[in-house]
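Please keep the sequence and the model in view while reading.

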Amino acid sequence: MLMYPFEYVAPTRVEEALGLLREHGDDAKVLAGGQSLIPMLHYRLARPRVVVDINALPLTDIAVDDGHVRLGALVRHHQLEESETLARRYPVLAEAARLVGNVRVRTLGTLGGSLAHADPAAELPVAMSALDARLTIASASEQRRVAARDFFTGPLTTALGPDELLTAIDVPATVDYGWAVEELSRRAGDFAIVVVVALVRLDRGGRVDDVRLAFGGVADRPVHARAAEDGLRGHEPSADALTHAAQIARDALDPPSDAFVSGAYRRHLTGVLCRRALARAVDRARR
Amino acid sequence: MIARFVLNGRPREIDVRPEQTLLELLRDTLGVFDVKEGCDEGVCGVCTVLLEGRPASACLVLAAALRGRAVTTVRGLERNGDLHPLQQAFVKYGAVQCGFCTPGMLLTTLAFLERHRHPDREAIRAALEGNLCRCTGYTKIVDAVEAYVRGGYARD
């Protein structure tokens, strides 16, 4: 396939990249792992005049401290899958990353790229919403921080301006949380029909102390199930309570239909996957 | 623009267009036909190469962005003109039907085994789930990988 011709630049300093984005604005596209952008260029869904390849920028660090981990925007999915540092303290990241695309996508695809691309059914935006991550966004003139929950504004649409670059993702520690990622896709490697991320922390008495529930594939962006979370806090995580919470989460949704599945099926699936995710997360929280 | 990379151990510098992919560079410019072209959107796995030892879709990598990295195609698996032991296992177990998916299957398998020395059958199936075989010859492919893992074939 032949792409529409573009100019290719590969800056080595962040300031240089931000200068290029300011100069070219909407005519530029940022190339990270390329696993979504290159197909879009092939199909001419994107026709940038300039492609700004950011892979030479120093945005690859994984820096862990007591309270959180800072992930550079260029941290790749296979690093989330395999990093031993992350495995101990942020195991939900590995479980979510393992479900992204296929092994080749995970070789090159980046966390920042997945978030900035903002596919409504992608795993990592949902995981970052559940984890209440904070995103650092830079432009030539300023730097700002945005909560993951405010970052996604629609299908393939985010709070990023045309001259801005997502540079880092801060994830608060969830050390004593049980976790689970559940999804159903039509074929291995496809985007999920529905994906659920659950995090549960229990108090000494075994009651739910904190719970986070986020869904993908059910709306134009990741959805955070606040009512279901509130319903569980302070309660015994019995099978009935989890089923009830899953029902609350499901009933709050009005998922879209597409060529493959109806909205009603999606909603039903959300309830089933949510119950499974909660059960698995509670089980892990008890260990 | 100049694409700099190391192809099967040999450093190369080739003039490319910015929009040229590694797959186009390999097949159209260099005549490296052991890399196949399939879906051109990173789904089928027939254009799998190893990029610094990890599987990548050659159709989703810009040639200009290679930056000196090592690219391995199935040709790079040869040892002194002999087939790699995994290739021999594929032959013995009938894991090759039309052969179009075979280079990608071999490279994906070897990259996986670098990090998982003794996988069970289920893990092998999961490792290859991103490589499609439209002859649907998966059973014999997994048989061949299992036999290779069991050690009937010299590992190097």
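## A covered helix in chain A

The buried residues of H8(A) are Glu123(A), Leu124(A), Pro125(A), Val126(A), Ala127(A), Met128(A), Ser129(A) and Ala130(A), where buried denotes 20 or more other C-beta atoms within 10 Å of the residue's own, exposed 12 or fewer, and partly exposed anything in between, with C-beta atoms placed from the backbone. Helix H8 of chain A, residues 123-130, is thus mostly covered, with eight of its eight residues buried; helices (H or I, at least four residues) and strands (E, at least two) are DSSP runs numbered from the N terminus. After H8(A) comes Asp132(A), which has a positive phi near 55°.

The model is a predicted one, in which local features need pLDDT of at least 70 and side-chain atom pairs count only at pLDDT 80 or more, whereas totals for chains, interfaces and linings use all residues. Residues are numbered from 1 along each chain as its sequence is written, while chains are lettered from A and ligands numbered from 1 in the order in which they are written.

## The surroundings of Leu165(A)

Leu165(A) belongs to strand E10 of chain A, residues 165-172, and counts as buried because 25 other C-beta atoms lie within 10 Å. Apart from neighbours within four places in sequence, Leu165(A) is in contact with Ala17(A), Leu18(A), Leu21(A), Val30(A) and Ala138(A), a contact being a pair of residues whose C-beta atoms, placed from the backbone, lie within 7 Å.

## Where chain A touches chain B

The contact between the chains takes 23 residues from chain A and 22 residues from chain B. On the chain A side, strand E1 (7-9), helix H2 (37-42) and helix H6 (103-108) each supply at least two residues, and H6(A) gives the most, with five residues. By class, that side of chain A has twelve nonpolar, eight polar and three charged residues, with Ala, Val, Leu, Ile, Met, Phe, Trp, Tyr, Cys and Pro counted as nonpolar, Asp, Glu, Lys and Arg as charged, and the others, Gly among them, as polar.

## Two domains in chain B

Chain B is divided into domain 1 (2-76) and domain 2 (85-150), with bounds that come from an automatic or database domain assignment. The C-alpha centres of the two domains of chain B lie 21 Å apart, and 15 residues of domain 1 are in contact with twelve residues of domain 2. Strand E3 (48-51) and strand E4 (54-57) of chain B each supply at least two residues of the side of domain 1 that touches domain 2; E3(B) gives the most to that side, with three residues.

## Helix contacts of H2(B)

Which residues of H2(B) meet H3(B)? Leu86(B), Gln87(B) and Phe90(B) in H2(B) meet Thr102(B), Leu106(B), Thr109(B) and Leu110(B) in H3(B), and the residues of this contact divide into four nonpolar, three polar and no charged.

Toward H5(B), the residues that H2(B) brings are Pro85(B), Leu86(B), Ala89(B) and Phe90(B), and these meet Ala144(B), Ala147(B) and Tyr148(B). The residues of the contact of H2(B) with H5(B) divide into seven nonpolar, no polar and no charged.

Key. Contact = placed C-beta atoms within 7 Å.
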